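Morning, everyone. Please bring up the structure on your screens, and I will walk you through it.

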Amino acid sequence: MKRVAKVRHLFVTHVPETLEDGVVYVAMDLGTVVHRCCCGCGLEVVTPLSPTDWSLTYDGESISLNPSIGNWSFPCRSHYWIENNEVSWAEDWSVWRIEAARRWDQRVKRWHYGAGHESPAANRPKGEARSDDDDQAESRLPEGGPSDHE
Ligand SMILES: [Zn+2]
């Protein structure tokens, strides 16, 4: 499978039965935009144009679609932006997000399951240097726990 880095747009009155890779079909009359998934899997992505769905920007030379296109229901689960006919992949961003969510989940679980006999504050060695990042994360944890009342 070959990823598409750049698309070209085609204004159409009806969406053709067979779509071409790397072509974004803009059917203004139907208020819809159709293209084949830019990851190369060949699945058809329909992005309806409406105030609650997608909006299309055409600057006379290229198109942009907003918001990003997230094909969560496809096996490829690809996520990208089409901006000025260029495809930006969101994978780095989503990997970071998934990682952050996983870590946060672990923190919550640790706090939840350990709440009876220990608290996050008690786990932290006194005087340990903490980064700003840690401070932000800690401040979102619920305060309290038996060992806080001394
Ligand atoms: Zn795909």
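Buried residues make up 13% of the 150 residues in the protein. Buried, here, is when 20 or more other C-beta atoms lie within 10 Å of a residue's own; 12 or fewer is exposed, in between is partly exposed, and C-beta atoms are placed from the backbone. Now the ground rules. This is a predicted model: local features need pLDDT of at least 70, side-chain atom pairs count only at pLDDT 80 or more, and totals for chains, interfaces and linings use all residues. Residue numbers start from 1 along each chain, as its sequence is written.

Next, the contacts. Two residues are in contact if their C-beta atoms, placed from the backbone, lie within 7 Å. Take the contacts with a separation of 6 or more: 34% of them are between residues 24 or more positions apart.

On to the elements. There are three helices and eight strands. Along the sequence the pattern reads β-β-β-β-β-β-β-β-α-α-α. These are DSSP runs, numbered from the N terminus: helices are H or I with at least four residues, strands are E with at least two.

Now the open sheet. Four strands form it, in the order E1-E2-E3-E4, with mixed pairing. The edge strands are E1 (8-11) and E4 (44-48), and each pairs on one side only. The twist averages 20 degrees from one strand to the next, with axes as lines fitted to C-alpha atoms and angles from 0 to 180 degrees between N-to-C directions. Pairing takes at least two DSSP bridges between two strands.

How many bridges join E2 to E3? Four, and these strands run antiparallel. Val 24 stands opposite His 35 in E3. The hairpin of E2 and E3 has four residues between the strands, and Gly 31 there takes a positive phi near 65 degrees.

E3 (residues 32-36) is also antiparallel to E4, joined by five bridges. His 35 has Val 45 in E4 as its bridge partner. Thr 32 stands opposite Pro 48 in E4.

What does Ile 82 touch, not counting residues up to four places away in sequence? Val 7, Val 24, Ser 64, Leu 65, Ile 69 and Val 87.
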